[in-house]
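Let's take a walk through a protein structure together. Have the sequence and the 3D view ready as you read.

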Amino acid sequence: MDIQTDHRYAINLNVRGIQPSATLRINELSNQLRLEGRDIIKLGLGQSPFPVPERVTEALRQHAHQKDYLPVKGLKVLREAISGYMNRSQRTRTSWEDVLIGPGSKELLFILQLAYYGDLLIPRPSWVSYAPQARIIGRSVHWLPTHAENNWQLTAEELDIFCRDDPTRPRILILNYPSNPTGCTYTDDQLLAIANVARKYGLILLSDEIYGEVHFEGQHKSIARYYPEGTIISTGLSKWAGAGGWRLGCFIFPQELRPLQDAMAIIASETYTATSAPIQHAAVTAFEGGEDIDEYLHQSRRILKVLGEYLHRRLEDMSIWSQRPQGGFYLFPDFCDYQDALAKRDIKTSPALCKALLEDTGIAILPASDFGFVPDKLSARLAFVDFDGTEAIALAASDFADRTLDDTFIDQACPRLKLAMDKLQQWLKSL
């Protein structure tokens with residue numbers, strides 16, 4: 001007798017029921033709707049709208065012939081460039097040996113959790129992939145409470161309250177700032193207080209600083225200054241150099257965590273082997289910097305700051321409340337003032353809100369439930385990235401070189417973001 005096997009039930013239990021990444025899912029849906037003829041304003045995927053700096057792109061062309069496998073931890077000259085970049089920008093004392101290169105910081109986070117047997121602590125709200133990764137690996141996830149009046153930021157007090165009941169338990173705390181999804185960042189005093197608690201309980205602190213270079217004022221500071229022995233800094237090329245699709249990330253470890261870095265390298269050697277050789281060679285140019293890179297960042301920050309302030313103002317005029325962003329390209333608007341009006345249309349959850357908004361207006365945003373909240377919290381993440389970054393930088397550096405960027409600049413360089421606010425306003429009036 002033949003034995004029939006339903007192979008669906010052989011899938012790892014940790015993976016069953018997990019949906020594809022929310023940000024990638026909304027991007028693919030938006031692209032599909034555009035192919036079907038819909039005018040979709042893509043405010044879902046947080047992909048930098050700016051081009052890769054030309055000198056970095058040229059470096060990739062020049063190294064396209066590089067075909068050899070590189071060392072598992074990364075190309076030495078790139079590790080040296082990243083170490084120098086961190087020492088210049090954050091006054092750290094890292095060496096090239098402290099740097100681990102991977103195919104995106106997302107992959108490095110995954111193998112960190114494989115290598116270190118500890119619980120994952122995540123402030124709520126938080127980026128969409130932190131918790132699913134932990135679930136896939138089988139780690140315990142604990143959401144730490146935050147509050148809107150505190151810009152949805154973790155406080156040292158809340159961290160201490162959570163850790164004190166089991167003070168020696170191995171834990172990884174993820175701190176992401178400027179924040180995805182809120183755009184807010186921490187003050188020096190806040191970082192110092194959190195660092196003191198992390199040291200008290202021996203936490204491994206993963207400081208996700210992928211948006212550090214797009215702090216609007218160029219004043220990002222790493223918590224590694226205050227907790228150097230326990231902090232791993234995560235960064236890459238995707239958000240500040242427009243190179244998301246290049247898939248290059250890096251972790252910078254303290255010497256005290258070298259055994260953990262080595263363990264991650266072992267996992268890397270048995271999985272992805274090494275990051276793409278041409279990409280690593282080209283990335284050296286980005287991290288070594290120069291006047292052209294500085295100018296690129298200056299104009300990027302100017303543009304993102306005026307957009308964040310414009311959208312924040314437009315949303316507040318509609319009685320949609322959010323924190324004023326300080327970096328990155330996100331807002332986390334709260335639609336609670338429209339709760340009754342939305343309920344009359346049977347819209348009672350953030351997924352229902354985003355679904356209706358996409359269907360009715362073509363505006364694609366992500367629900368708060370993707371960032372750690374219960375579904376009935378009527379908030380969403382808005383990524384203000386639907387504009388031509390090449391044209392915007394060119395305009396900011398020419399016609400607006402000696403002028404303050406204002407609504408006129410937005411009309412010229414970012415008309416789809418203005419259109420999104422106009423459509424949202426009309427939709428809310430129709431409720």
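Predicted model: local features only at pLDDT ≥ 70, side-chain atom pairs only at ≥ 80, totals over all residues.

Residues are numbered from 1 along each chain as its sequence is written, and side-chain values use heavy atoms, with hydrogens and water left out.

Start with the big picture. The chain has 15 helices and 12 strands; these are DSSP runs, with helices being H or I of at least four residues and strands being E of at least two, numbered from the N terminus. For 431 residues, a compact globule would have a radius of gyration near 22 Å, and the chain agrees because its own value is 22 Å. (That radius is taken over C-alpha atoms, and the globule rule is 2.2 Å times the number of residues to the power 0.38.) The C-alpha trace spans about 65 × 60 × 60 Å along its principal axes.

How much of the chain is buried? Buried residues make up 55% of the 431, where buried means under 20% relative accessible area, exposed means over 50%, and partly exposed is in between (1.4 Å probe, protein chains only).

You'll find Leu70 in the loop between helix 2 (54-62) and helix 3 (76-90), and it counts as buried because its relative accessibility is 15%. Leu70 and Ala277 are 207 residues apart in sequence, yet their C-alpha atoms are 6.4 Å apart in space. Not counting residues up to four places away in sequence, Leu70 touches Leu75, Ala274, Thr275, Ala277, Gln280 and His281.

Gln280 has a relative accessible area of 1%, so it is buried. Leaving aside neighbours within four places in sequence, its contacts include Leu70, Leu78, Ile101 and Leu248.

Ile101 brings us to strand 2 (residues 99-102), where Val99 and Ile101 point one way, Leu100 and Gly102 point the other way, and all are buried. Why the two directions? In a regular strand the side chains alternate between the two faces of the sheet. Strand 2 runs antiparallel to strand 8 (residues 249-252), joined by four bridges; strands pair if DSSP finds at least two bridges between them. Val99, for one, has Ile252 as its bridge partner in strand 8.

Elsewhere, three strands form an open antiparallel sheet in the order 9-12-11. Strand 9 (330-331) and strand 11 (366-367) each have a single partner strand, so one side of each edge strand is left without a neighbour in the sheet.

Finally, look at some loops. A cis peptide bond, with omega about 5°, joins Arg124 and Pro125, and Pro125 lies in the loop between strand 3 (119-123) and helix 5 (130-137). Another cis bond runs from Tyr177 to Pro178, with omega near -15°. Asn151 has a positive phi of about 60° although it is not a glycine, and it counts as partly exposed because its relative accessibility is 29%. Arg247 also has a positive phi, near 55°, and belongs to the loop between strand 7 (231-236) and strand 8.

Terms used:
Contact = heavy atoms within 4.5 Å.
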